[in-house]
Amino acid sequence: MGSPLCVSIFLVLSIFIQSSVHGQSLRLEPFGSSQAVETKKTFQDTKTRFLLFEGENDQGCQIRLHHPDTLQQCGFNSSLPLVMIIHGWSESVPFSRSNVHLIGYSLGAHVSGFAGSYIGGKHKIGRITGLDAAGPLFEGSPPSDRLSPDDANFVDAIHTFTRGHMGLSVGIKEPIAHYDFYPNGGSFQPGCHFLELYRHITKHGLNAITQTIKCSHERSVHLFIDSLLHTSMQSTAYLCSDMNSFSQGLCLSCKKGHCNTLGYHIRQEWHSKKSRRLFLVTRAQSPFRVYHYQFKMQFFNQIEKPVETTFTMSLLGTKEEMQKIPITLSEGIISNKTYSFLITLDMDIGELVMITLKQENSAVWTNVWNTVQTIIPWGREPLNSGLVLKNIRVKAGEIQQRITFCSENMDDPQLHPTQEKIFVRCDRNSKKLKQKTE
């Protein structure tokens with residue numbers, strides 16, 4: 001019973017469809033009004049079904065409106081957390097609102113917000129989760145007209161499809177919660193491009209085009225489900241101003257609540273009324289978790305103009321090894337400038353112990369010059385026109401660890417084109433140096 005899947009879940013099917021068929025209004029009226037009584041009476045005649053699920057393989061037990069005895073018959077346990085997809089419970093059953101968790105997808109996210117706002121009072125709903133809340137007609141609207149942090153004691157939101165088309169986006173882009181998560185920047189999701197259409201055809205057949213179009217929008221749902229299915233592989237997101245800064249690895253801090261867990265197991269804490277925007281990278285399929293690393297390098301060279309350079313990097317950890325990770329510094333390398341970038345790994349390699357770096361290309365004239373220097377015996381020390389990298393600074397986001405790596409061969413800090421250079425922990429090099437001098 002300790003599993004997060006063992007929760008009471010009300011699944012409300014087609015509330016809006018049924019309401020439209022019967023010509024009902026979904027306007028929210030105060031308790032005790034004649035309109036509320038009429039709506040209550042009308043809902044008894046609808047075909048909407050309320051199903052209670054107590055376990056992962058449960059087929060569901062129907063809860064009949066205004067028949068409290070069916071709660072007991074279906075084995076409703078008031079001591080368990082209650083998750084309601086959309087909304088609904090009987091006021092005749094004593095239940096703390098703080099234990100209620102509403103989860104709304106797309107338009108349902110705002111509906112959950114309206115439900116929380118309508119209840120109001122001193123005792124708010126415990127939590128509302130918005131899964132890629134709808135953007136059209138809601139983007140830029142006041143908090144009272146959409147999901148907002150005021151609608152529950154705690155509100156979290158996952159934004160996965162905010163890419164705009166003709167001024168509109170399927171999912172809302174602006175922050176609407178205490179914590180707003182933007183996986184992969186929030187605009188679009190990996191594995192959802194039209195280039196993936198063939199893969200979708202093999203899986204979904206004639207529905208492939210529809211699946212491809214809504215792929216990014218639905219990713220918010222799959223990310224939340226993933227947090228329940230893979231409890232040991234929770235995704236961490238980090239407070240950041242935008243995805244550009246995050247892609248440089250500048251935001252991998254967990255100090256003062258600057259990071260949090262995506263999905264069901266989020267830490268429900270906040271330090272200000274202002275919404276917090278958190279970013280992360282995910283895989284294209286479940287399990288979605290990746291491991292975030294910031295790499296900082298400071299190069300020295302004798303080339304005045306910036307040189308576009310491509311590297312491949314291999315990482316050796318205490319658990320696994322990740323080989324040939326491509327790194328391209330397209331803006332060019334300027335001497336004495338520090339470059340920061342983000343690298344993500346699909347697997348846990350453990351504690352990083354060694355880095356192998358290989359310069360794949362350089363300016364043509366540099367290669368020629370190096371060849372000439374090898375062939376012709378100059379009467380003085382050869383002119384070094386290559387790149388010099390003395391150390392690499394690394395920060396592992398998930399474990400909040402900082403490590404500095406130095407060249408294993410301290411006598412030759414130059415990066416020679418097409419040759420691999422090994423970097424080890426600087427403290428390891430210090431020990432070797434100390435042994436040599438003793």
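Analyst: Happy to! Buried means under 20% relative accessible area, exposed means over 50%, and partly exposed is in between (1.4 Å probe, protein chains only). This is a predicted model, where local features need pLDDT of at least 70 and side-chain atom pairs count only at pLDDT 80 or more, while totals for chains, interfaces and linings use all residues. Residues are numbered from 1 along each chain as its sequence is written, and side-chain values use heavy atoms, with hydrogens and water left out.

User: How many disulfides does a search of the whole structure find?

Analyst: A disulfide is a pair of cysteine sulfur atoms within 2.5 Å. With the bonded cysteines numbered in sequence order, the pairing reads 1-2, 3-4, 5-6, 7-8, 9-10. The search of the whole structure gives 5 disulfides.

User: What is the handedness of the disulfide of C61 and C74?

Analyst: The sulfur atoms of C61 and C74 lie 1.9 Å apart in a disulfide. This pair links distant parts of the chain, 13 residues apart: C61 is in strand β3 (residues 61–63), and C74 is in the loop between α3 (69–73) and β4 (82–85). Here helices (H or I, at least four residues) and strands (E, at least two) are DSSP runs, numbered from the N terminus. Because the torsion about the S-S bond of C61 and C74 is about -65°, the disulfide is left-handed.

User: Which of these two counts as partly exposed?

Analyst: C74 has a relative accessible area of 11%, so C74 is buried. At 26% relative accessibility, the partly exposed residue is C61.

User: How many residues apart are C240 and C251?

Analyst: C240 and C251 form a disulfide, with 1.9 Å between their sulfur atoms. The pair links distant parts of the chain: C240 sits in the loop between β11 (236–239) and α8 (243–247), C251 in the loop between α8 and β12 (259–261), and the two are 11 residues apart. C240 is buried at 8% relative accessibility.

User: Is the link of C254 and C259 left-handed or right-handed?

Analyst: A disulfide joins C254 to C259, S to S 2.1 Å. C254 is partly exposed at 24% relative accessibility, while C259 is buried at 6%. With 110° about the S-S bond, the link of C254 and C259 is right-handed.

User: Which side chain makes a polar contact with the side chain of N184?

Analyst: N184 sits in the loop between β10 (179–183) and α5 (197–204), and its relative accessible area of 17% makes N184 buried. Contact means heavy atoms within 4.5 Å, and, leaving out residues up to four places away in sequence, N184 touches Q189, P190, M243, L280, V281 and T282. A polar contact is a pair of N or O atoms within 3.5 Å; within protein, one must be able to donate a hydrogen and the other to accept it, and residues adjacent in sequence count only if both atoms are side-chain atoms. For the side chain of N184, at 2.9 Å, that partner is T282.

User: What separates the C-alpha atoms of I403 and L352?

Analyst: I403 lies in strand β20 (residues 401–407) and is buried at 10% relative accessibility. Leaving out residues up to four places away in sequence, I403 touches L352, I392, R393, V394 and R425. I403 and L352 are 51 residues apart along the chain, and their C-alpha atoms are separated by 8.4 Å.

User: With which residue does D156 form a salt bridge?

Analyst: A salt bridge is a side-chain nitrogen of Lys or Arg within 4 Å of a carboxyl oxygen of Asp or Glu, and the count comes to 7 salt bridges. One of them has its closest N and O atoms 3.1 Å apart and joins D156 to R127. D156 lies in strand β7 (residues 154–158) and R127 in strand β6 (residues 127–131), so the pair ties together parts that are 29 residues apart in sequence.

User: Is D346 buried or partly exposed?

Analyst: The side chains of R283 and D346 meet in a salt bridge (3.7 Å, N to O). R283 lies in the loop between β13 (276–280) and β14 (291–301), and D346 in the loop between β17 (338–345) and β18 (352–359), so parts that are 63 residues apart in sequence are tied together. R283 is buried at 19% relative accessibility. D346, at 48%, counts as partly exposed.
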